[in-house]
Amino acid sequence: MKVAQYYRCMWGIFVREALRFIHQRERFLGALVRPLVWLFIFAAGFRSVLGVSIIPPYETYILYEEYIVPGLAAMILLFSGMQSSLSMVYDREMGSMRMLMVSPFPRWYLLLCKLSAGTLVAIAQVYLFLGIAWFWDVQPPLIGYVLAFPALLLSGLMLGALGLLLSSAIKQLENFAGVMNFVIFPMFFASSALYPLWRIKDSSLYLYEICRFNPFTHAVELIRFSLYGQIGWGAFFAVVGSLLLFLAGALYGYDPARGLMSRKQGGG
Amino acid sequence: MSEAALNLSEVSFSYSKRQVLDGVSFTLEPGEFCVLLGVNGAGKTTLFSLITRLFVSRGGSISISGHDLKKHSRKALSQLGVVFQQPTLDLDLSLIQNLHYHCALQGMNPSKISDRLQLAMGEIGLADRETERVRALSGGQRRRVELVRALLHQPRLLLADEPTVGLDIHSRQAILKQVRRRCHEDGIGVLWATHLVDEVEPQDQLIILHGGKVLARGSAEEIMQQTGTDSVKQAFNYLTRSETS
């Protein structure tokens with residue numbers, strides 16, 4: 001296999017993911033409506049209740065809408081990562097996952113391409129959301145939009161890898177709804193997406209520790225700092241570490257010799 | 001002498017404690033159309049999962065066109081075309097987009113793609129519908145697309161796992177005719193899994209798989225002779241009954 005062939009394979013997977021997303025308009029609207037509802041309705045309603053003091057990276061008092069935008073950007077990545085893994089479980093049950101797996105390219109490469117393609121599609125959604133939020137007076141410095149890209153990429157890959165790991169371990173499509181409830185909602189609410197961690201610490205030290213341990217919290221903070229031109233190094237290392245861990249687990253799960261795939265399928 | 005399209009030697013597999021394949025061995029030559037006949041649960045799909053490396057066998061060896069699947073999996077898989085039992089086309093993409101996706105997964109050279117796609121569209125007879133979503137095609141048309149797609153990268157071995165299930169008699173005949181022609185003209189080894197005995201012709205090579213074991217291997221005519229029966233159906237019943245009892 002030559003380098004050009006690897007490139008062609010990657011490009012083909014990227015194009016397919018993009019086309020699928022464009023063709024599924026409901027998915028596109030759903031991905032955008034969810035964070036906008038939180039921004040337009042939830043944030044407006046809770047603006048007076050949930051005051052935010054000056055905390056890094058902010059240098060002045062900010063409106064609650066401004067505070068939750070990085071968390072909502074991360075929410076898009078979280079839902080996209082899980083949706084992508086849902087589609088892999090669906091593809092595996094329906095058969096199209098097999099198309100990918102019987103390609104002569106190494107399996108780790110195919111999974112990485114699929115993961116990266118899904119992440120790039122999710123990042124496009126995030127930028128569209130940030131564009132709409134700009135008109136809602138959430139206006140980070142312009143350089144922040146550029147610096148946010150690597151943060152979004154790392155966070156998206158990390159959450160996508162978690163989805164990939166889950167998809168390798170889930171037996172059937174029906175089991176996925178339960179996993180979503182046990183993963184998406186706890187990850188989102190036990191994080192700094194909607195409220196700063198010091199507020200949670202005031203309420204419960206135990207919950208605060210859970211939030212600090214939650215990789216989604218670090219994804220939110222990495223995006224938040226980068227949007228304001230700073231690097232949250234602690235969040236950076238936590239996100240990279242989680243990405244490597246989830247990725248290793250997912251590659252193990254999809255390895256035909258050792259993984260979980262063959263243990264859970266009946267034979268015909 | 002050319003390498004065998006497919007060679008299996010003492011292949012075994014089990015799900016937990018349930019043995020699904022037990023010492024399966026056979027060879028398939030280039031240009032040979034071989035029917036793998038077995039009832040549901042005989043182990044056909046598991047065997048295909050092992051040949052496509054979706055699973056890895058604990059015992060035995062598999063080689064495709066002379067490439068060992070464990071040691072040289074990339075070379076082996078590049079010689080393989082597959083039509084799975086479940087449809088694997090992306091219904092939300094157009095016909096041509098599905099074919100392009102397959103070409104990308106095989107790392108095909110762009111200079112070869114357009115010519116082959118043109119030929120493929122002509123072969124399917126759907127050139128005027130190439131930009132339509134696959135969802136709009138009938139079951140038989142989708143199967144023909146899958147078949148042509150599996151051969152786009154010119155593999156030496158084609159695996160077809162019960163590809164005619166659920167299709168009407170005319171679609172089944174058209175697909176079988178198409179595969180036999182490509183097998184004969186291009187020298188492709190074809191392993192055609194089915195439980196429908198009427199898909200077997202007397203001159204076809206035949207493997208009868210039952211309970212994870214190969215009960216018979218030879219041409220359909222030879223097997224009928226050996227069992228003293230007049231049809232493939234009788235031969236199949238004779239062999240599987242004596243194995244069960």
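**Two helices of chain A**

I began with helix H5 (residues 107-135) and helix H6 (residues 142-169) of chain A, whose axes come within 8 Å in this predicted model. The two axes cross at roughly 130 degrees. H5(A) and H6(A) are therefore oblique to each other. I also looked up the hand of the crossing of H5(A) and H6(A), and it is right-handed.

Next I asked which residues meet there. From H5(A) I noted, among others, A:Leu111, A:Leu115, A:Gly118, A:Ala122 and A:Val126. Facing them in H6(A) are residues including A:Tyr145, A:Leu152, A:Gly156, A:Gly160 and A:Leu164. I sorted the residues of the contact of H5(A) with H6(A): twelve are nonpolar, five polar and none charged.

**The sheet of chain B**

Then I turned to chain B, where I found an open sheet of six strands. I wrote down the order as S6-S7-S8-S3-S9-S10, with mixed pairing. Which strands are at the edges? They are strand S6 (80-83) and strand S10 (213-219) of chain B, each pairing on one side only. The twist averages 15 degrees from one strand to the next.

I followed strand S9 (residues 205-210) of chain B to S10(B): six bridges join them, and they run antiparallel. One pair to find on screen is B:His210 with its bridge partner in S10(B), B:Lys213.

**Helices across the sheet**

Helix H1 (residues 44-51) of chain B lies across S3, S7, S8 and S9 of chain B, at about 145 degrees to S7(B). Helix H5 (residues 139-151) of chain B lies across S6 and S7 of chain B, and runs at about 170 degrees to S6(B).

How values were computed. Residues are numbered from 1 along each chain as its sequence is written. Chains are lettered from A and ligands numbered from 1 in the order in which they are written. This is a predicted model: local features need pLDDT of at least 70, side-chain atom pairs count only at pLDDT 80 or more; totals for chains, interfaces and linings use all residues. Two strands pair if DSSP finds at least two bridges between them. Helices (H or I, at least four residues) and strands (E, at least two) are DSSP runs, numbered from the N terminus. Axes are lines fitted to C-alpha atoms, for helices over the stretch in contact, and angles run from 0 to 180 degrees between N-to-C directions. Two residues are in contact if their C-beta atoms, placed from the backbone, lie within 7 Å. Angles under 35 degrees count as roughly parallel, over 145 as roughly antiparallel, 65 to 115 as roughly perpendicular and the rest as oblique. A crossing is left-handed if the near helix is turned anticlockwise from the far one by less than a right angle, and right-handed if clockwise. Ala, Val, Leu, Ile, Met, Phe, Trp, Tyr, Cys and Pro count as nonpolar, Asp, Glu, Lys and Arg as charged, and the others, Gly among them, as polar.
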